[in-house]
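Please examine the sequence and the model displayed below. A short report on selected features accompanies them.

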Amino acid sequence: MKSAITICLVPEAQQGPFVFHDGIDAGCRAAARAGFDAVEIFPSSAEEFPASELPSLLKNHSLGVAAVGTGAGWLKHRLSLTSRDCDKRAQAIQFISALIDTAGEYNAPAIIGSMQGQNTDTTKRAEALQHLAEGLGTLADRAQTHGQVLLYEPLNRYETNLLNTQEAAAHFLIDNNLVQRGVRLLCDLFHMNIEESSVPETIRRISTIHPGIIGHVHWADSNRRAMGFGHTNSQSIYKSLVNAGYKQYLAAEVFPLPSAVDAANQTIQSIRTCESS
Ligand code: LER
Ligand code: MN
């Protein structure tokens, strides 16, 4: 498996669960110094993506791009794939499509997390899920033009009421023919700690339902701090990922506590410990 760490470029997400917040240059430098293989970038939009600086930073620091987040569309503009307003849904698709194209230039997938929205009082659940399936299908087709998958991330109940468990999400993707179109699950261990009765068993089950369905992992402890700073049994989760044949990224989407450098170093140490046990 490969290691990655988050760089947030969105001022409004300063308090969010991202490790580096001081710009792309400082983020890449700190990621490389801690020993990461790649960075996961959370940009404000495709237009504000650091396209002029990034290629040389990646080259100079021997880093890849693990994934690109799209949540700024929700955070800054309140766009979502399940909005009742069809203009807002179209704007959400447009916002994410541009980021899929940007991510594609770096051979990276885009993440659909908070852009999935939720089933509000005025939006019936079946209708919301229908919009979600249509949106993910359209975006997965776009990702495929870059040879990329699209990452769909089930979130815990305090962030969405659409699909909170990985197994529910796996069935939803399969029933709507979306795995076949290139949608993969993002397993965020923080959300899973809240929603799943057993994280290792869930990883085993969804990988049995569809081998290769896990496309990305947010490697976070139970309290959303770096792995090892909470009470997650990381080794049993790591083993279940190995058994599932998972070979993609373990990406630290965690709070920069007690400092960004400490969170980065602790993440690398947790991955090395798992690898060697
Ligand atoms: C995004 O990856 C995520 O995990 C969400 O909790 C952000 O709101
Ligand atoms: Mn996440």
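## Basis of the model

This is a predicted model, in which local features need pLDDT of at least 70 and side-chain atom pairs count only at pLDDT 80 or more, whereas totals for chains, interfaces and linings use all residues. Residues are numbered from 1 along each chain as its sequence is written, chains are lettered from A and ligands numbered from 1 in the order in which they are written, and side-chain values use heavy atoms, with hydrogens and water left out.

Asp188 belongs to strand 6 (residues 183-188) and His218 to strand 7 (residues 214-218), so the pair ties together parts that are 30 residues apart in sequence. Strands (E, at least two residues) and helices (H or I, at least four) are DSSP runs, numbered from the N terminus. Both Asp188 and His218 are buried; buried means under 20% relative accessible area, exposed over 50%, and partly exposed in between (1.4 Å probe, protein chains only).

## Strand 3 and its partners

Five of the six residues of strand 3 (residues 64-69) are buried. Strand 3 pairs in the parallel sense with strand 2 (residues 38-42) over four bridges, pairing being assigned if DSSP finds at least two bridges between two strands. Within this pairing, Val68 is the bridge partner of Ile41.

Strand 4 (residues 110-112) also runs parallel to strand 3, joined by two bridges. There, Ala110 stands opposite Val68.

## Ile174

Ile174 lies in helix 6 (residues 166-175) and counts as partly exposed, at 26% relative accessibility. Beyond neighbours within four places in sequence, Ile174 is in contact (heavy atoms within 4.5 Å) with Val179, Gln180, Ile209, His210 and Ile213.

## Cysteines

The structure holds zero disulfides, a disulfide being a pair of cysteine sulfur atoms within 2.5 Å. For Cys8, the nearest cysteine sulfur is that of Cys28, 14 Å away. Cys8 counts as buried at 3% relative accessibility.
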